Amino acid sequence: MAGERSAELVVLGGGPGGYAAAFLAADLGRKVLLVDTETDPGGVCLYRGCIPSKALLHVARLLTEAREAEDWGVRLGKPRIDLDRLRAWKDQVVGKLTGGLGDLARKRKVVTVRGYARFRSARSIWVDKGSGDTETITFEQAIVATGSRPVGLKLLGQLSPDRVLDSTSALDLPEIPPRLLVIGGGYIGLELGTVYAALGSRVTVVEMTSALLPGVDADLVRPLAARLETTLAAVLLETRVAGAEEARGGVQVRLEGKHAGASDQLFDRILVAVGRRPNSGDLGLENTQVETDEHGFIRVDAQRRTDEPAIFAIGDVAGQPMLAHKAAHEARVAVEAATGRAAAFEPRAIPAVVFTDPEIAWCGLTEAEARSAGRTVEVARFPWAASGRAATLGRSDGVTKLVVDPDGERILGVGLAGPGAGELIAEGVLAVEMGATVTDLKLSIHPHPTLSETLMEAAEVFFGHSTHFHRPRRKS
């Protein structure tokens with residue numbers, strides 16, 4: 001069965017970028033149609049990414065705290081995990097949020113169409129709804145927000161699908177494997193590895209580069225790396241998987257590299273977390289003037305407009321960083337530009353958070369980026385060992401750092417490692433976006449005792465007179 005309809009704006013993809021664009025456009029009076037493969041909006045983030053993973057990471061942290069409590073004189077006993085109930089609770093969290101978004105779409109009169117969309121031309125799409133049901137939709141403008149998908153490894157292609165997990169299937173909690181190999185030491189691998197380790201798996205992480213979280217400042221990664229040494233079975237840097245084959249009781253994996261140790265090791269399951277690629281390859285872009293780069297990202301300008309004037313692109317499909325909050329802000333820019341308003345995507349600071357234990361968060365210019373660009377900066381660090389609030393939490397291994405322009409003393413970047421870093425980084429984003437100086441941050445009174453004080457004290461460290469940490473300022 002085939003049908004036809006029209007809309008002023010069509011949005012392809014119902015993730016954090018897509019539904020944010022659809023909702024704002026509707027609020028501005030546009031007739032909006034949203035196409036997605038799910039019944040309710042949410043995308044990978046809500047269904048198979050940010051939300052379910054953070055729900056499980058909360059459980060992982062609870063299990064860890066229960067064990068740590070013995071050091072504080074509280075014995076809670078060995079936790080018993082009901083995997084079915086845990087899985088159901090995680091799904092309930094997802095269902096509540098996605099259902100709420102569905103209600104918001106209906107209240108805004110955003111028309112939702114479930115199916116796969118491809119461009120037929122610069123002003124029309126074809127939607128496959130399944131079971132032979134198709135529809136052609138014409139539009140005045142379109143926003144592509146089709147997101148990304150996990151990258152697989154060909155060398156594991158011969159293994160049983162039950163043995164190989166990606167970031168999507170791992171969140172389904174098929175079981176708690178006794179021995180889990182995580183390929184990739186980036187944020188996805190470490191977050192999911194943290195969950196499974198807390199639930200009882202012996203987790204081994206393999207990373208090809210010389211450090212976990214490649215690209216993140218080493219001093220921020222250090223507290224996490226030290227903690228993972230005690231919570232994971234092994235972290236093997238400068239090591240790669242050279243081969244894998246089915247064996248009795250699991251998968252025999254051949255490792256090669258500087259820290260490979262025993263070259264052949266047996267695992268029950270393998271989690272592949274080596275990155276994501278944009279969903280741009282099967283959109284019918286060849287029927288438009290939209291161009292992609294060598295990595296498959298759709299080329300856009302500051303307004304998120306593609307080479308086809310009527311088509312915009314946002315989120316993962318439009319380039320790095322692949323973050324939900326980046327997509328949501330791009331959505332606002334694209335919609336405002338599409339409706340004739342002055343708008344450009346020019347952030348000074350896009351925050352990034354790794355929700356491990358401890359959390360790592362940063363925004364703006366990093367120390368590594370400054371060094372790579374040959375840019376002179378000053379760095380001020382406040383160790384959480386000097387924080388009273390961190391001591392009360394039994395977590396004094398964190399750090400707060402400021403990356404500062406030595407001339408005008410403007411804050412260029414902020415980094416944190418420690419519990420709650422993801423919540424604290426927002427103050428850093430505001431400081432960078434507003435062009436705040438170190439003096440501004442130093443003179444802003446922070447409540448005591450809190451972890452937020454570490455930002456103020458890092459500013460005091462810059463001048464060499466932090467109350468709780470003595471380090472005279474270096475003479476330049």
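Visitor: In which loop is the place of proline 449?
Guide: The model is predicted: local features need pLDDT of at least 70, side-chain atom pairs count only at pLDDT 80 or more, and totals for chains, interfaces and linings use all residues. Residues are numbered from 1 along each chain as its sequence is written, and side-chain values use heavy atoms, leaving out hydrogens and water. Helices (H or I, at least four residues) and strands (E, at least two) are DSSP runs, numbered from the N terminus. Proline 449 sits in the loop between α12 (438-443) and α13 (453-463).

Visitor: What is omega for the cis peptide bond that joins histidine 448 and proline 449?
Guide: Histidine 448 and proline 449 are joined by a cis peptide bond. For this bond, omega is about -5°.

Visitor: Which residue does a cis peptide bond join to proline 321?
Guide: Proline 321 is found in the loop between β17 (311-313) and α8. The cis bond there, with omega about -5°, links proline 321 to glutamine 320.

Visitor: Does lysine 109 count as buried or exposed?
Guide: Lysine 109 lies in the loop between α4 (83-107) and β3 (111-114). Although not a glycine, lysine 109 has a positive phi of about 65°. Buried means under 20% relative accessible area, exposed over 50%, and partly exposed in between (1.4 Å probe, protein chains only). Because its relative accessibility is 68%, lysine 109 counts as exposed.

Visitor: Does leucine 213 count as buried or exposed?
Guide: Leucine 213 has a positive phi of about 50° and is not a glycine. This residue is in the loop between β10 and α7 (218-231). With 4% relative accessibility, leucine 213 counts as buried.

Visitor: Which are the edge strands of the open sheet?
Guide: Two strands pair if DSSP finds at least two bridges between them. The sheet has 5 strands in the order β8-β15-β9-β10-β11, with parallel pairing. The strands that pair on one side only are β8 (164-165) and β11 (234-237).

Visitor: What is the bridge partner of leucine 181 in β10?
Guide: Strand β9 (residues 179-183) runs parallel to strand β10 (residues 202-207), and 5 bridges join them. Leucine 181 has as its partner in β10 threonine 204.

Visitor: How are α3 and α6 oriented to each other?
Guide: The axes of helix α3 (residues 50-68) and α6 come within 9 Å and cross at roughly 45°. Among the residues in this contact are Leu56 and Leu57 of α3 and Val195 of α6. The two helices, α3 and α6, are therefore oblique.

Notes: Axes are lines fitted to C-alpha atoms, for helices over the stretch in contact, and angles run from 0 to 180 degrees between N-to-C directions. Angles under 35 degrees count as roughly parallel, over 145 as roughly antiparallel, 65 to 115 as roughly perpendicular and the rest as oblique. Contact means heavy atoms within 4.5 Å.
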